[in-house]
Amino acid sequence: MAHRLQQHDDDIRDSGAMTPRLGDGSYDTNSYGGSYADSYATHYSAMSDDVGTPPGSGPTGDAGAMGSNTSSGAVPYSAFSDAMGGSSTGASGASSFDSYGSYANSGAQRFGSDLNVDMNSYTSSASALSPRSSDADSNPLGHSAFFGAAAAPHSGQFEVRGGSDVGTPRSPGSASGGGLPTPTPLHGARRSAADNRSVLSSSSQQQHATVPLSPGSRLSQQSKLSTLSKGSTFVGQKGLSRETARELAKTALSARATSIGDVTFEQPGEANLRDSIRRVQAYSRREAPIDYEMSAKMLYRRRPCEIRMDRDVISWYRGQRHKGSIDTDDVVGAEVPAGKPGYLRIHYFTQGRGSGAKALRRKPRTADFGCAPDVAAVWVQAIQELVRWQARAPPLAEKRRIKVVVNPHSGKRRARQIWLADVKPFFDLGQFECVVEETTHSGHGIEMGRQYSADDGFEALVFIGGDGTLCEFMNGLLSRPEHEWREIVVSTPLSLISAGTQNAFGVGVGIPTVAAAVYCILKRKIRPLDVITATAAREPSKVHYAYCGVGWGVAGDIAAESERYRWLGTARYLFLKAKRAAFLPKPHSGRVRYVPTDPQPRLCKYDDIRNDGALDQFEVEEGNVYDAVGAGAGGLERKSWGGFGGAVRSPASAKRYPEAAWTREEGRYMVVGVVNTAPDGAYAHPSDGNLDLIISRKGGLLRSLQLIVLYLVGREFESPLISYVKVKAVEIDCDQPDDCCNMDGEVLPGGPWRMEVVPSLFKALSEK
């Protein structure tokens with residue numbers, strides 16, 4: 001093997017080709033010692049800014065892999081540490097978890113078999129879906145391979161550590177499935193320590209299933225992430241086999257928890273409860289395709305290195321020096337580049353610089369490694385299966401079906417180009433079966449919504465166009481009989497890849513860029529999404545639907561005049577806002593009534609309360625299209641949305657909201673906005689079950705000047721002319737008969753208007 005790598009290195013030098021140039025900045029890693037000691041530390045390092053090569057591209061010089069400046073924001077992630085003499089705890093140093101489950105220092109965490117934690121009972125939350133089946137083993141659906149992957153090809157050129165039979169592929173009929181060779185220990189002491197810690201026998205598994213949950217698992221709908229006990233063991237640590245991890249995940253799934261006893265599915269440093277729940281779902285559906293760790297000798301920067309991969313991280317070392325790493329949650333696939341058979345190319349998306357909304361602006365990257373062709377094939381298979389598993393999707397033996405709707409007339413008419421250049425290569429990498437349809441006329445999206453069938457089995461609907469394209473489909477879908485759309489909204493999440501003049505939906509929901517949307521589609525980052533329903537007095541029987549918001553006043557003026565100034569592009573919105581707010585204002589007077597949320601929640605930015613109510617992610621995951629193929633096909637009965645449909649049929653009905661529940665005011669207004677996800681709602685939350693009512697009143701000269709100053713410094717809500725209230729329903733009655741509302745960029749004429757929120761009606765693909 002060493003001779004082959006050296007020969008391959010010489011061939012590269014002779015041909016003049018180069019692997020990607022990654023940053024230097026390596027450092028000694030104390031927790032990884034000689035003789036392949038079990039203790040190691042993986043660092044989630046800052047990545048380089050080189051834009052990755054799209055999947056399927058031809059050979060390139062520099063492939064733009066991540067750098068190794070690991071000192072920037074690196075978070076040490078410690079695996080189980082065993083002393084070479086057979087100690088069951090043998091790691092030096094200790095660390096503690098803070099209230100969000102992250103490591104408080106960079107020392108290695110000591111894990112033992114004699115941990116004692118307080119146990120408390122847990123009351124599982126009621127499911128919003130009906131019916132529900134949380135046990136994957138009892139699922140007789142046609143996608144049988146979803147719960148047991150076939151074995152992957154194995155060349156014997158890499159080494160797998162942590163189990164038994166080094167380099168021996170698991171047979172296709174193996175009970176655990178997963179498709180990769182069974183891990184084996186390098187030293188006998190490691191296996192015995194793992195047995196002492198957490199490898200459960202059949203009898204102990206039954207005991208573990210009835211173990212009460214740790215205090216950190218007592219999550220309410222208002223709670224943050226659980227506070228992990230000091231001895232909590234992350235499920236990805238090497239002491240837990242994939243068989244054991246799946247049994248624990250089934251127990252956690254039944255209990256609606258992210259921790260069972262002293263084992264947690266919350267990754268150290270993770271601040272997103274929804275990601276922890278997605279991890280519970282992944283482990284419970286089928287066994288992980290990687291048991292402990294696999295490794296191989298490859299070329300990195302034209303020099304030999306050792307690359308290692310477990311379920312959570314891919315890292316590489318030169319000797320004892322850590323040279324770089326990629327979080328597997330960022331990885332979207334791997335391939336052998338065209339024309340470069342001796343290379344492994346890993347595709348991944350790095351988070352944007354900063355936190356909050358900035359981190360959502362992901363960028364594609366690639367990392368290339370030189371290796372023998374048969375080794376590259378094995379690693380490609382392993383990474384592709386791992387991505388499928390993380391996405392809670394079937395193994396590679398089955399297709400992921402997706403429907404793509406392209407609106408070639410949106411914005412600057414770039415939708416086709418975006419699809420072919422920026423989206424399709426990644427869908428091909430993920431081995432998607434795509435059904436592509438283009439809109440040909442206004443209202444075509446409404447027709448698609450009326451004709452869409454849940455029996456087509458698409459895991460997602462992807463729209464490439466503007467906000468109006470998605471809104472049209474939603475209105476067409478919800479005009480159908482209720483029993484039909486109830487099934488579709490549960491099993492078919494939506495995504496918008498923006499090609500329009502604005503991207504209000506993407507910014508509000510959490511997919512602000514094309515790359516961010518593509519990443520969430522590939523990894524199936526599903527989340528619930530509230531919807532606004534509205535009716536106008538002109539057509540009281542016709543219900544309209546919106547994702548972002550409804551606005552009256554200046555917002556309505558902008559919608560009414562925007563088509564006239566389309567030649568200005570996105571600048572027309574700023575122009576019209578200045579025109580109607582400052583230079584040529586129109587009078588807007590009337591009455592506003594609303595039902596305030598009781599009790600009124602504290603106004604907080606989304607990033608401060610992102611985990612409040614996040615336990616509904618368990619119900620979101622249960623609508624998985626792969627779990628339901630229809631009762632007539634011999635599978636489980638398809639899930640159905642279990643929410644109350646009254647707001648869908650008759651928004652703000654007097655029967656649901658008696659007169660005493662309403663708050664009223666009358667006056668002259670600049671704008672009245674009813675916001676769900678639009679960027680203008682500073683405290684908007686996409687699935688909190690509330691609407692954000694923002695009222696901007698007209699005042700005298702001094703009050704108006706004060707408001708302008710406060711607006712410029714970002715403190716406009718301190719003005720007495722502004723009100724910001726969380727509400728359930730709104731009614732607007734204007735005095736001007738020609739006034740209209742702006743509903744997701746479309747004109748809604750004929751007031752008065754009645755609006756109401758429908759909590760978690762749709763599912764969106766977003767990591768927000």
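Which residue in β23 is the bridge partner of glycine 590? The partner is glycine 667. The model discussed here is predicted.

**Pairings of β23**

- Strand β23 spans residues 663-675 and runs antiparallel to strand β21, residues 549-553, with five bridges joining the two.
- Within that pairing, valine 550 has valine 674 of β23 as its bridge partner.
- Strand β22, residues 589-596, is also paired with β23 in the antiparallel sense, over six bridges.
- Opposite valine 671 stands serine 696 of β24.

- β22 and β25 run antiparallel and are joined by seven bridges.
- In β25, valine 730 is the residue that stands opposite tyrosine 594.
- β24 pairs with β25 over six bridges in the antiparallel sense.
- Here aspartate 692 faces lysine 726 of β25, the two standing opposite each other.
- Strand β28, residues 753-765, pairs with β25 in the antiparallel sense over four bridges.
- Glutamate 756 in β28 stands opposite alanine 729.

**The sheet of β5, β7 and β6**

- Three strands make up an open sheet with mixed pairing, in the order β5-β7-β6.
- β5 (233-234) and β6 (259-260) are the edge strands, each pairing on one side only.
- β5 runs parallel to strand β7, residues 263-264, and two bridges join them.
- Threonine 264 in β7 stands opposite phenylalanine 234.

**Packing of α7 and α12**

- Helix α7, residues 415-429, packs against helix α12, residues 514-523, at an angle of about 25 degrees, and their axes are 10 Å apart.
- Angles under 35 degrees count as roughly parallel, and α7 and α12 are therefore roughly parallel to each other.
- The two helices, α7 and α12, have a right-handed crossing.
- On the α7 side the contact is made by Ile418, Asp422, Val423, Phe426 and Phe427, and on the α12 side by Val514, Val518, Ile521 and Leu522.
- By residue class, the contact of α7 with α12 comprises eight nonpolar residues, one charged and no polar.

**Other buried positions**

- Nine of the eleven residues of helix α9, residues 467-477, are buried, and the helix is mostly covered.
- The buried residues of α9 are Asp467, Thr469, Leu470, Cys471, Phe473, Met474, Asn475, Gly476 and Leu477.
- Glycine 324 is part of strand β11, which spans residues 321-327.
- Buried means under 20% relative accessible area, and glycine 324 counts as buried because its relative accessibility is 0%.
- Isoleucine 314 lies ten residues from glycine 324 along the chain, and the C-alpha atoms of the two are separated by 8.5 Å.

Key
Residues are numbered from 1 along each chain as its sequence is written. This is a predicted model: local features need pLDDT of at least 70, side-chain atom pairs count only at pLDDT 80 or more; totals for chains, interfaces and linings use all residues. Side-chain values use heavy atoms; hydrogens and water are left out. Two strands pair if DSSP finds at least two bridges between them. Axes are lines fitted to C-alpha atoms, for helices over the stretch in contact, and angles run from 0 to 180 degrees between N-to-C directions. Angles under 35 degrees count as roughly parallel, over 145 as roughly antiparallel, 65 to 115 as roughly perpendicular and the rest as oblique. A crossing is left-handed if the near helix is turned anticlockwise from the far one by less than a right angle, and right-handed if clockwise. Contact means heavy atoms within 4.5 Å. Ala, Val, Leu, Ile, Met, Phe, Trp, Tyr, Cys and Pro count as nonpolar, Asp, Glu, Lys and Arg as charged, and the others, Gly among them, as polar. Buried means under 20% relative accessible area, exposed over 50%, partly exposed in between (1.4 Å probe, protein chains only).
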